[in-house]
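Subject: Structure handover

Hello,

Please find the structure below, with its sequence. My notes on what was found in it follow.

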Amino acid sequence: MKAKFFKLLLPAFAIIMAVGMAFATEEANSTQTGYYDHPILGVQAIPTDCPETGQVLCMEGQWQVFKDPALTIPLYERFE
Amino acid sequence: MVSKKIYRTLVPTASLLLVLLFVYTATSKLLDLDTFKWRLAQMPHLSAHADLLQWGVPFSELTITGLLLSPKFRTLGLYASFALLGLFTIYIIAVLASDHPTPCSCGGIISTLGWREHILFNGAFMLMALGAILQSRRQTK
């Protein structure tokens with residue numbers, strides 16, 4: 001019984017727990033939406049990992065990326 | 001006798017923790033494959049291979065999980081774990097050494113770690129895998 005627990009149940013439990021944790025933290029892992037002002041297309045939404053704090057402005061090509069469609073909250077590059 | 005006791009706990013424990021890690025990170029990547037691919041495309045030196053890595057990385061992690069769960073191939077799984085974690089760690093160090101912004105393509109809550117903390121995290125698991133490999137080899141001799 002003890003051998004069965006360690007060989008089968010414990011690994012199964014570990015896998016179930018890992019999969020459950022992956023689903024539980026799915027939102028934390030997803031990107032946020034950033035916005036930039038394209039001169040022709042207007043305000044465009046893009047996925048971004050840029051945080052709200054930092055020193056170097058987050059850029060999409062040559063355009064600065066913001067957190068909101070109103071382009072008031074700048075985002076920054078993630079340097080570590 | 002003591003060595004046998006250590007083997008009985010260290011190798012299965014290390015294997016189980018590695019299974020937990022790889023299943024978690026692989027599932028996190030597979031749940032949002034588009035995001036993972038997008039992040040790979042932002043990473044220096046990896047963007048050209050984003051299509052391949054998008055599937056290759058989680059597939060490798062799940063394959064290693066399978067090896068670790070099988071008593072017959074567990075040692076091979078430990079070697080593969082050590083190698084894969086080593087590759088990840090070397091890449092992180094290379095990115096840190098460059099002056100490139102660093103979006104994280106890590107799985108799940110590991111994304112919340114800074115890159116330096118991520119190196120320590122990987123290092124700890126590598127040490128654990130290495131210890132289990134050494135103990136496994138000692139036991140088979």
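Chain A is divided into two parts: domain 1 covers 1–30 and domain 2 covers 31–80. Please keep in mind throughout that this is a predicted model. Taken over C-alpha atoms, the centres of domain 1 of chain A and domain 2 of chain A are 37 Å apart.

Chain A contains two helices and four strands. Read from the N terminus, the order of its elements is α-α-β-β-β-β. Chain A is more spread out than a compact globule, because its radius of gyration is 21 Å, well over the 12 Å that the globule rule gives for 80 residues. Along the principal axes, the C-alpha atoms of chain A fill a box of roughly 70 × 25 × 20 Å. Of its 80 residues, 19% count as buried. Among contacts in chain A with a separation of 6 or more, 40% are between residues 24 or more positions apart.

Next, the nonpolar cores. The largest has 25 residues, and those with the most contacts inside it are B:Ala14, B:Leu18, B:Val19, B:Phe22, B:Ala129 and B:Ala132. Both chains take part: helix H1 (2–24) of chain A supplies at least two residues of this core, as does each of helix H1 (2–31), helix H3 (50–69), helix H4 (74–97) and helix H5 (115–140) of chain B. The largest share, nine residues, comes from H1(B). A second, separate core has seven residues, including A:Tyr35, A:Tyr36, A:Cys58 and A:Leu75. As background, nonpolar side chains in soluble globular proteins tend to be buried together.

H3(B) has 20 residues and reaches 29 Å from its first C-alpha to its last, close to the 28 Å expected at 1.5 Å a residue.

Is B:Val95 buried or partly exposed? B:Val95 has 18 other C-beta atoms within 10 Å, so B:Val95 is partly exposed; a buried residue would need 20 or more. B:Val95 and B:Met43 are 52 residues apart in sequence, with 8.7 Å between their C-alpha atoms in space.

Regards

Definitions and conventions. Residues are numbered from 1 along each chain as its sequence is written. Chains are lettered from A and ligands numbered from 1 in the order in which they are written. Domain bounds come from an automatic or database domain assignment. The radius of gyration is taken over C-alpha atoms; the globule rule is 2.2 Å times the number of residues to the power 0.38. A residue is buried if 20 or more other C-beta atoms lie within 10 Å of its own, exposed if 12 or fewer, and partly exposed in between; C-beta atoms are placed from the backbone. Two residues are in contact if their C-beta atoms, placed from the backbone, lie within 7 Å. A nonpolar core is a set of buried Ala, Val, Leu, Ile, Met, Phe, Trp, Tyr and Cys residues joined through C-beta atoms within 7 Å. The expected span of a helix is 1.5 Å times one less than its number of residues.
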